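The sequence and model are shown first, and a description by region follows.

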Amino acid sequence: MHTTVGIVGGGPAGLLLARLLHNAGVDSVVLERRDRAYVEQRQRAGILEQATVDALRSAGAGQRMDREGMPHHGIELRFGRRAHRVDFPSLSGGRGVMVYAQTEVVKDLIALQLADGGPLLFDAEVRSVEGADGDSPAIRYVHEGREQTLTCAYVIGCDGFHGVVRHALPASLRTAYERTYPYSWLGILAEAPPVYEELIYAHSERGFALASMRSASVTRLYLQVPNDTDPASWSDARIWDELDARFALDADPRWRLERGPVTSKAVLPMRSHVTEPMSHGRLFLAGDAAHIVPPTGAKGLNLAAADVIVLARALIEWRRTGSTELLDAYSDTCLRRVWRAEHFSHFMTTTLHAAPAQSPFETRLQLSQLERVASSPHAAAELAENYTGLSL
Ligand code: RFL
Ligand code: PHB
């Protein structure tokens, strides 16, 4: 098989790239290791920045998002048992975010691609990429039990953090920058109405907690837990009690979360990672294949979308004019945004979590920083601009 753009991975990065290319008449093939149901059910991110929302709309994938997504104009920060709202539009020049789950974005993009796009193969596991230095790279993959080859003009690794394409960049030319964190998140989905109309990020002496949502009747909640926690060690009652304790407010001592059946429970490790450069020859990396952020800044999915928007523009320009100028600039263009998001995600994570054996001095520094955001429009604007997405 031959195509112009061979895309490895059918997560949000690969699927959005395929759609943007299809809309511009550039053909592609997407190879996805898992089956469709698995990819559509995988619970992950929930917040779309304005630029991601705009890109999905202009790609023709925004109809259900506009019907079912929930626009949000701020977040609440809770610390010292008090609540402070950060208002996005007034602090960020009118911007906001949309609560619309990654599972739904993926379902919408898959349906469009299968309806009128290029081939999207499930159960197609890529084993290696060859010839990225030459004019006609080849992707070797296994589909329906047989080894197959896809030749293409460009190979795009959208295969996530555990993918294989990153390893096709020669080890001598790539550098990985990495940080792991001494805590994880226990994430649950529950059949209960959202805690509040916006997201709540809570700093407490017992650790971090986050209240998000999926719909008017489904809530998504996270608790900081030690690394290597077994989710089975957290009964539903223990989870609800701990959430109540971490979200507690002095001004409203009777405040409690509305409880409901817990339908999913998983522990997520936290990591920061950047691979530089994000391209080599005719091979390009996008999304989690090139960089990971801890989820506290809600940036992972948005960075993946931002990468493929830049990449689609560059590939379309190459196809139209033969110029590789935008492709040559791809890695530098993306890394500026990536490092800003790395910094913001690290800031949110280390400001809101209680590290094991954290000293009272460090806790005071965190509270001082949070107080600054709550009392200074400048500090709040810095948070709001980063959260809603900077146009870099
Ligand atoms: P994805 O979504 O990981 O998609 C990569 C796809 O590539 C496929 N694949 C292969 N296909 C063919 N051959 C191979 N050899 C392959 N190897 C892998 C995989 O099956 C998969 O379908 O990467 P993408 O598209 O770059 O999208 C990035 C986002 O998914 C990611 O940044 C966010 O979801 C990060 N993230 C979260 N972000 C948030 O903002 N909030 C969250 O709550 C949140 N939760 C999460 C997350 C990431 C997680 N991971 C990666 C472990 C929870 C988890 C568990
Ligand atoms: C989510 O809804 O899953 C979510 C929201 C905000 C975050 C992380 C996850 O920072």
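## Basis of the description

The structure is a predicted model.

## Helix 1 and helix 8

Two packed helices are described by the angle between their axes and the distance between the axes. Helix 1, residues 12–23, packs with helix 8, residues 300–321, at an angle of about 30°, and the two axes are 9 Å apart. Because angles under 35 degrees count as roughly parallel, helix 1 is roughly parallel to helix 8. The crossing of helix 1 past helix 8 is right-handed.

On the helix 1 side, the contact is formed by P12, A13, L16, L17, L20 and L21. These residues meet L301, A304, A305, V308, I309, L311, A312, L315 and I316 of helix 8. In terms of class, this contact of helix 1 with helix 8 comprises 15 nonpolar residues, with no polar and no charged ones.

## Helix 1 and helix 6

Helix 1 also packs with helix 6, which spans residues 102–116; their axes come within 10 Å and cross at roughly 40°. Helix 1 is therefore oblique to helix 6. Here the crossing is left-handed.

Helix 1 contributes P12, L15, L16, A18, R19 and H22 to this contact, while helix 6 contributes Q102, V106, L109, I110, L112, Q113 and D116. The contact of helix 1 with helix 6 divides into eight nonpolar, three polar and two charged residues.

## Helix 8 and helix 9

Helix 8 packs in turn with helix 9, residues 325–352, at an angle of about 165°, with 10 Å between the axes. The two helices are therefore roughly antiparallel to each other. Helix 8 passes helix 9 in a crossing that is right-handed.

From helix 8, the residues L303, A306, D307, V310, L311, R313, A314, L315, E317 and W318 take part. Their partners in helix 9 are L326, L327, Y330, T333, C334, R337, V338 and A341. By class, the residues of the contact of helix 8 with helix 9 are 13 nonpolar, one polar and four charged.

A polar backbone atom of A13 is 2.9 Å from an oxygen atom of ligand 1, and a backbone N or O atom of G300 lies 3.4 Å from an oxygen atom of ligand 1. A nitrogen atom of ligand 1 is 3.1 Å from a backbone N or O atom of R33. A13 is also one of the helix 1 residues that meet helix 8, and G300 falls within helix 8, residues 300–321.

Ligand 2 has 14 residues around it, of which Y201, S212, R214, Y222 and P295 come nearest.

For ligand 2, the polar approaches include side-chain atoms. A polar side-chain atom of Y201 is 2.7 Å from an oxygen atom of the ligand. For R214, a polar side-chain atom lies 2.8 Å from an oxygen atom of ligand 2. For Y222, the corresponding distance from a polar side-chain atom to an oxygen atom of ligand 2 is 2.5 Å.

## Backbone geometry in two loops

The peptide bond from E276 to P277 is cis, and its omega is near -10°. P277 is found in the loop between strand 16 (262–276) and strand 17 (279–280).

D228 is not a glycine, yet its phi is positive, at about 65°. D228 lies in the loop that runs between strand 15 (219–225) and helix 7 (236–246).

Methods. Residues numbered from 1 in each chain as written. Chains lettered and ligands numbered in written order. Predicted model: local features only at pLDDT ≥ 70, side-chain atom pairs only at ≥ 80, totals over all residues. Heavy atoms only, no water. Axes fitted to C-alpha atoms, helices over the stretch in contact; angles between N-to-C directions. Helix = DSSP H or I, 4+ residues; strand = E, 2+ residues; numbered from the N terminus. Parallel < 35°, antiparallel > 145°, perpendicular 65-115°, else oblique. Left-handed = near helix turned anticlockwise from the far one by under 90°. Contact = heavy atoms within 4.5 Å. Nonpolar A, V, L, I, M, F, W, Y, C, P; charged D, E, K, R; others polar. Polar contact = N/O pair within 3.5 Å; in protein donor to acceptor, adjacent residues only side chain to side chain. Near = heavy atom within 4 Å.
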